[in-house]
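Hello,

Here is the structure I promised to pass on to you. Please open it and have a look around before reading my notes.

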Amino acid sequence: MAASASSLLAAAASSSCAAISPRIPRGAPAAASVPSPSHHSCPSLRASPARRHQSRFVASVAPTMQPPAESRVSTVVDVDLGDRSYPIYIGAGLLDEPDLLQRHVHGKRVLVVTNTTVAPLYLEKVTWALTHNNRNVSVESVILPDGEKYKDMDTLMKVFDKAVESRLDRRCTFVALGGGVIGDMCGFAAAAFLRGVNFIQIPTTLMAQVDSSVGGKTGINHPLGKNLIGAFYQPQCVLIDTDTLNTLPDRELASGIAEVVKYGLIRDAPFFEWQEKNMSALLAREPSALAYAIKRSCENKAEVVAQDEKESGLRATLNLGHTFGHAIETGLGYGAWFHGEAIAAGTVMAADMSHRLGWIDESIKKRVVDILEEAKLPITPPETMTVEKFKSIIAVDKKVADGLLRLILLKGPLGSCVFTGEYDRKALDETLHAFCNN
Ligand SMILES: NC(=O)c1ccc[n+]([C@@H]2O[C@H](COP(=O)([O-])OP(=O)(O)OC[C@H]3O[C@@H](n4cnc5c(N)ncnc54)[C@H](O)[C@@H]3O)[C@@H](O)[C@H]2O)c1
């Protein structure tokens, strides 16, 4: 494996480059007017119904997807994919609004896919929301073991077992209730069951609310690599009830922040600057800060996905730090580090390599380290990840195409990035040796 990894990395060294120029997303505030949590357009998550209604913010809404006038939805972000478009509803207490969920249920049978941690917290509430004043719908559930190490074929089969035993038909709807692991597995099950049934995402971790529930990447891990088996399959809607974060442990919250930081670095400098000023508010779970971070992250992801749903180019930039990060997850054993923790260390390694290539200033590299450190995330890989271990795992990364490894690196000013392989092997080797034992 190590020999082929070396030749692959060498091949990458001579590949061509496609740079993404710095890009300020539509509707982004100018740097000087970046909203602070205390006075931006998102209402307090604990606002009274009247206040909520007054300050309701709608980023982009398809005409048929408007929430009711008195809804607690504070933001709707539309993922614009033609006939596969869907809304992301964001707000506090959205699971108390049965209509939001029920309008996206197809058929009379629903299968809620969740896990042993989330089920006791939210399954009853979701079942109520699906069935309230709606006797036509019957709800089944399958409760999977909790953890990244169960994001595999055996556990996926439990979803199919339940669906088949319950005689669900093509008109059923799958509902993913949980973090990114459940969302990825339920989505993949929905893509494959009877060659595709409807599904809804109800993400309950920050990681899932800012990233994994949006964009339709679904799948499971292979023992040799993360997320190697899966499908692009879009949900009917994403319902983000920010109240669910109240039960999320601090370590899981910090893990989600790693992906929030990513959006700032690759395409949204004002958002990154806002994060630098508001990291303590995010860690303290100030409702308005969290609401803004979720909204802005979903807007960034929706814009990228709308332009490149199947990752033929632009979408790959969302993988900043992921080649190194996925290697850490695979090398350590799935679940030993949280996904966002591995991505944080991977992002620092990507920034280091970008700096070695002369693509970013020392000051940007330092800001990357500082913000992730402030978020209490790791900034170096674990000691057991040796240089050779990294190389052998990276060789089977999804981002290898035609024998070339596509590393996402930073280039230019803040909020800019580059993808594909215009780097020399020396810089990669130097970064690996700087961070890892031989
Ligand atoms: N599809 C995508 O585009 C995409 C993007 C990013 C990450 N991912 C995937 O997402 C996964 C990581 O997601 P994650 O960080 O949400 O991990 P996770 O799903 O394992 O959830 C983390 C932990 O939080 C628990 N939990 C969930 N909601 C809770 C709540 N409200 N209160 C208390 N505990 C709660 C879970 O049971 C779990 O123990 C990885 O498998 C990663 O590959 C996918």
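First, some ground rules. This is a predicted model, in which local features need pLDDT of at least 70 and side-chain atom pairs count only at pLDDT 80 or more, while totals for chains, interfaces and linings use all residues. Residues are numbered from 1 along each chain as its sequence is written, and side-chain values use heavy atoms, with hydrogens and water left out.

Let us start with the ligand. It is surrounded by 28 residues, the closest being Asp 146, Glu 148, Thr 204, Thr 205 and Lys 226 (a residue counts if one of its heavy atoms lies within 4 Å). Thr 205 places a polar side-chain atom 2.6 Å from a ligand oxygen, and an N or O atom in the side chain of Asn 115 is 3.0 Å from an oxygen of the ligand. Thr 247 has a polar side-chain atom 2.7 Å from a ligand nitrogen.

Now to the helices, which are DSSP runs of H or I with at least four residues, numbered from the N terminus. Axes are lines fitted to C-alpha atoms over the stretch in contact, and angles run from 0 to 180 degrees between N-to-C directions.

Helix 12 (residues 339–356) and helix 11 (residues 322–332) have axes that come within 7 Å and cross at roughly 135°. Helix 11 and helix 12 are therefore oblique to each other (angles under 35 degrees count as roughly parallel, over 145 as roughly antiparallel, 65 to 115 as roughly perpendicular and the rest as oblique). Their contact (heavy atoms within 4.5 Å) involves, among others, Phe 324 and Ile 328 of helix 11 and Met 349 and Met 353 of helix 12.

Helix 12 also packs against helix 8 (residues 250–267), at an angle of about 40° and with the axes 7 Å apart. That makes helix 8 oblique to helix 12. Among the residues that meet here are Arg 251 and Leu 265 in helix 8 and Glu 341 and Ile 343 in helix 12.

The last pair is helix 14 (residues 387–394) and helix 15 (residues 425–435), which pack at about 130° with axes 9 Å apart. Helix 14 and helix 15 are therefore oblique too. Val 387, Phe 390 and Lys 391 in helix 14 meet Arg 425, Asp 429, Leu 432 and His 433 in helix 15.

Enjoy exploring!

Best wishes

How values were computed:
Helix = DSSP H or I, 4+ residues; strand = E, 2+ residues; numbered from the N terminus. Polar contact = N/O pair within 3.5 Å; in protein donor to acceptor, adjacent residues only side chain to side chain.
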